[in-house]
Amino acid sequence: MTHPADGLSARRALLASGLAALWPAGARAQASGPARKVLTVAAFPLVDKIVEAAQPQWRRLHPDVELKVLSRPYADHHTAMTTALSTAVYLPDVMALEQSYVGRFAQGTGLDDLTRPPFDIARHRARFAPYAYDQATTRSGAVVAAPGDIGPGTLLYRTDVLAKAGVQPEDLTRSWDSYVAAGIQIKRKTGAFLIGHVQAVKNILMRSGAKPGEGLYFDKDSRVLVNTPRFVRAFEVARQLRQHQLDARVGEWTNDWAEGFKRGTLATEMSGAWLVGQLNNWVAPDTKGLWRASQLPENAYAAYGGAFYAVPRHSAPENKALAWDFIQMMTLDRERQFAAFKSQDAFPALVDCYDDPFFDEPLPFLGGQKARLLWREAARRITAMPVHKQSTFADEVITTELDHVLDRGKPIPQALADAERLIARRAHR
């Protein structure tokens, strides 16, 4: 008879054979080769560059420990981390996670609670942007990841397009009705679309007006919240934009989306502050000086992404303290936070940085605007929304139902009622 422990080992070995395809060859060699003192960090693009740039500082702190960075494309990385956590095979010592995945992974037991020894992150809580720390905190009070950088939401707009249309910047932000009206005027006078896709506006509005302690889709008792005024308003504004043909119907990071920025056929965009760096560096560098930033309409403060560092619960016990040393270096050291900010536009999660004169410096891409001051204010005012284990499914349902409203004329009350029923059925299985 096979012993239960042997069966578990055999199952993990079988799963590992499939996972190996997602794991870099160097890491597989390390698993089978001679043991040596190595700290492995799994990351996705840009975060991998931030970690690699920290190598000299790490060598000064731990000259006897090699820091190995395992990098994969964004989707492949998170798929591999999901598999590794579920199988406890090929686990890195530290894994970088994008903000949306922190909430998903927090629902399981695969990540270490950083409030416990040897981590004790709670004593540093006041040093992190409050919403970022809260985003990684479970309902039980466990903290499953440390924020490395954040993405304060911002509205970017083309000054040349607005001038041609006779629209003032404040027309875009006074209210959502004013934003739509400005878009109508921009489209009539310049032919430019107001935004790439109305889903971006929906994503902001459904986060606006949530009560303290409410999640995006669920309350603390797992009651579904999608058939509520904030979702009604989100759908109504999105429908208005589509009815007036104000969105270009292009998805983010597509060629058409990038061309819209280059050619001035997209007047505005809502995203994280980091998008300015992307526009400047490779998406639309020739538009330097034509863009400006503002807060989102009606000061609807929201977060767009951000990177966190987590420690897998079943990673090598002997490397836990080293993993925490690395995470502290990346998240609690001003030098490292500013290095990432200046090289990769990774907005600091460390509030110790926020009094630095760097925030007062003008941004050439934004025509000399001191936009970091706006983003700093947003970072301080964003509130975290607790993540439910079915939030990903709920997001898919809401996105689909809005498409039904926009493309098939489905009434908004029916769309939200159908969404509520589908989400509740999945949540209460």
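Student: Is Pro-317 buried or exposed in this model?
Tutor: Pro-317 is exposed, with a relative accessible area of 63%, where exposed means over 50%, buried under 20% and partly exposed in between, using a 1.4 Å probe and protein chains only. This is a predicted model, in which local features need pLDDT of at least 70, side-chain atom pairs count only at pLDDT 80 or more, and totals for chains, interfaces and linings use all residues. Residues are numbered from 1 along each chain as its sequence is written, and side-chain values use heavy atoms, with hydrogens and water left out.
Student: Where is the place of Pro-317?
Tutor: Pro-317 lies in the loop between β7 (303-310) and α15 (320-331); helices (H or I, at least four residues) and strands (E, at least two) are DSSP runs, numbered from the N terminus.
Student: And how far apart are Pro-317 and Asp-93?
Tutor: They are 224 residues apart in sequence and 9.1 Å apart in space, C-alpha to C-alpha.
Student: Switching to helices, at what angle do α10 and α12 cross?
Tutor: The axes of α10 (residues 176-190) and α12 (residues 229-243) cross at roughly 10° and come within 10 Å, the axes being lines fitted to C-alpha atoms over the stretch in contact, with angles from 0 to 180 degrees between N-to-C directions. That makes α10 roughly parallel to α12 (under 35 degrees; over 145 is roughly antiparallel, 65 to 115 roughly perpendicular, the rest oblique).
Student: Which residues of α10 and α12 meet?
Tutor: Trp-176, Asp-177, Tyr-179 and Val-180 in α10 meet Arg-233, Val-237, Gln-240 and Leu-241 in α12, contact meaning heavy atoms within 4.5 Å.
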